[in-house]
Amino acid sequence: MKKILITGGAGFIGSHVVRRMVQKYPNYQIVNLDALTYAGNLENIADIEHEPNYTFVKGDIVDADFISALFRTHQFDGVIHLAAESHVDRSITDPLAFVKTNVIGTMNLLNAAKEIWKGNFEGKRFYHISTDEVYGTLGATGLFTETTPYDPNSPYSASKASSDHFVRAYGETYGLPYVITNCSNNYGPNHFPEKLIPLLINNILQNKPLPVYGDGKYTRDWLFVKDHAVAIDLVFHEGKNHETYNIGGFNEWQNIDLVRLLCRKMDSKLNQTEGTAEQLITFVKDRPGHDLRYAIDATKINRELGWKPSVTFEEGLEQTIDWYLQNKTWLENVTSGSYQKYYEKQYQ
Ligand code: NAD
Ligand code: DAU
């Protein structure tokens, strides 16, 4: 019997990780801690909420006393830490929120783990989920490896880089058994429509402009979220302590090509004449400090743990679009209220 804390399990990636862990490991007790910010949504995990090995706790990782008490009560064996402020554009308008959750929140979890494990680390593990954005930007060639120097450019990536450094420092200084993974852009079901792919799907359904930042020639490496969840499960169980692993899709796309591909797929799904959605493409003001290109070299996790993406981009996009078309109520719920205000401010 293991007791595992998963933070941020009501969010996009976290919900897929929680479902996988609850269903695959009935002998584990999974506690999902989430503050239910604008990005957290219990609908994402409604299907597993009554499972006997699952507990949801609403709470804020920034609250040190609360976190400390939670760890003392539950005596966790492992932590899979996903809770974060995750959107680059929001970090540009409100950087401090990112320092609070991503840096202070991670510190609180590290301190609480250190406090209950008291140097007895047998069977214990702190797994910190991070991003490829900590490496900064690539030029036209090259890939991020685990030894690429950190060079973050946005307040979001600076806060994630800072938290990565603290995790590593707790490993070196106090011997805390940690693993870190740095992953590329995820896409798939339950993705909040502030991020590019679900924003485009939602706007096509609403017949609204499709905002493309700058000249659209920025490149991202896209990975289907369920493949990320598989990698997280594998690294949690089989990764080596004090190691980091890069995770990526081997799947680079310039934004404008991705937008056009999605437009064609949406036209076909909606039985529209080809070219209908593309007419909505609108080039808008660029994101300040916009990183030109991310691309992950995922050789290490492939070689050492045997992981590779299982879903092609074609299949993943199909599944993603179908999910949004079948879950219009989910989309309506998350785009009402504060989303409207966010959207107006961001895209006016
Ligand atoms: P998300 O924004 O969809 O979800 C974040 C979750 O954390 C939400 O459920 C939210 O309610 C919760 N949360 C936020 N602040 C909290 C706080 N103070 N206390 C407790 N819970 C809080 O994010 P995501 O896209 O699922 O990303 C999850 C993790 O993976 C993040 O750490 C992110 O940096 C990392 N990551 C994301 C991607 C990606 O493409 N989305 C890629 C690589 C790494
Ligand atoms: O690389 C991993 C990161 O991927 C994660 O750490 C972040 O949490 C996640 O949000 C994502 O960051 P990006 O900034 O790359 O994702 P986003 O979907 O916001 O943007 C993808 C690209 O599309 C980027 O080049 C900016 C561009 N873009 C985005 C939006 C929202 C547009 O052109 N128009 C838009 O409206």
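Predicted model: local features only at pLDDT ≥ 70, side-chain atom pairs only at ≥ 80, totals over all residues.

**Exercise 1.** Check the span of helix α5 against its 20 residues.

*Solution.* Helix α5 covers residues 155–174. The expected span is 1.5 Å times one less than the number of residues. For α5 that gives 28 Å. The end C-alpha atoms are 28 Å apart, so the two values agree.

**Exercise 2.** Which residues of α5 are buried, and what do they pack against?

*Solution.* List the buried residues: Tyr156, Ser157, Ser159, Lys160, Ala161, Ser163, Asp164, Val167, Tyr170 and Gly171. Then look across from them. They pack against α3 (88–93), α4 (95–117), β5 (125–131) and β6 (178–183).

**Exercise 3.** Is Asn207 buried or exposed, and where is Asn207 found?

*Solution.* Locate Asn207 in the loop between α6 (196–206) and β8 (210–213). Its phi is positive, about 60 degrees, although Asn207 is not a glycine. Exposed means over 50% relative accessible area. Asn207 has 59%, so it counts as exposed.

**Exercise 4.** Classify His228 as buried or exposed, then list its contacts beyond four places in sequence.

*Solution.* His228 belongs to helix α7 (residues 225–238). Buried means under 20% relative accessible area. His228 has 1%, so it is buried. Leaving aside neighbours within four places in sequence, His228 contacts Ile13, Ile129, Cys183, Asn186, Leu223 and Ile247.

Note on methods. Residues numbered from 1 in each chain as written. Chains lettered and ligands numbered in written order. Heavy atoms only, no water. Helix = DSSP H or I, 4+ residues; strand = E, 2+ residues; numbered from the N terminus. Buried < 20%, exposed > 50% of the residue type's maximum accessible area, 1.4 Å probe, protein only. Contact = heavy atoms within 4.5 Å.
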